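This report covers a single predicted model. It starts with the terms, then moves to the fold and the helix packing.

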Amino acid sequence: LIVNLISYPALSRIHASVFTAISQLKVLATAFFAVLLLGTKISGRKWRTLSIMVMGVTLISWESAPEVSKVAHDHTTDWSDIVSFDYMVGIGCAMVQT
């Protein structure tokens, strides 16, 4: 129930495609904790596949990010110049949902 409630603020701030891609990271989390906690052996081929999946999620998230605002005149950059706070909250909620 809580996981479903967390998905609402995420979906109101990010695209559904980004939310779906990030929610697929639970496969990587499951593999990581299976190795860490259960001592399961995972082949190199499967780790490569999981790595490619993470790169795909990263690319989709990066491409779907909102347009960057103009950098301030004093040429200092902070996170608010790179991505919006709402977008980061949406990504955070999607990751917690995973």
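## Terms and basis

A crossing is left-handed if the near helix is turned anticlockwise from the far one by less than a right angle, and right-handed if clockwise. Helices (H or I, at least four residues) and strands (E, at least two) are DSSP runs, numbered from the N terminus.

The model is predicted: local features need pLDDT of at least 70, side-chain atom pairs count only at pLDDT 80 or more, and totals for chains, interfaces and linings use all residues. Residues are numbered from 1 along each chain as its sequence is written, and side-chain values use heavy atoms, with hydrogens and water left out.

## Overall fold

The protein has six helices and zero strands. From the N terminus, the order of elements is α-α-α-α-α-α.

Of its 98 residues, 23% are buried (under 20% relative accessible area; exposed is over 50%, partly exposed in between; 1.4 Å probe, protein chains only). The protein exposes about 7,300 Å², and carbon and sulfur atoms supply 68% of that area. Areas come from the Shrake-Rupley method with a 1.4 Å probe. Contact means heavy atoms within 4.5 Å. Among contacts between residues at least 6 apart in sequence, 66% join residues at least 24 apart.

## H1 against H6

Two packed helices are described by the angle between their axes and the distance between the axes. Axes are lines fitted to C-alpha atoms, for helices over the stretch in contact, and angles run from 0 to 180 degrees between N-to-C directions. Helix H1 spans residues 2–13 and helix H6 residues 85–97. Their axes come within 8 Å and cross at roughly 150°. H1 and H6 are therefore roughly antiparallel (over 145 degrees; under 35 is roughly parallel, 65 to 115 roughly perpendicular, the rest oblique). Their crossing is left-handed.

Nonpolar covers Ala, Val, Leu, Ile, Met, Phe, Trp, Tyr, Cys and Pro; charged covers Asp, Glu, Lys and Arg; the others, Gly among them, are polar.

Ser7 lies in H1. Ser7 is buried, at 11% relative accessible area. Leaving aside residues up to four places away in sequence, Ser7 touches Phe19 and Gln97.

## H2 against H4

Helix H2 (residues 16–23) and helix H4 (residues 44–63) have axes that come within 9 Å and cross at roughly 160°. H2 is thus roughly antiparallel to H4. The crossing is left-handed.

Ser17, Val18, Ala21 and Ile22 of H2 meet Val57, Ile60 and Ser61 of H4. Five of the contact residues are nonpolar, two are polar and none is charged.
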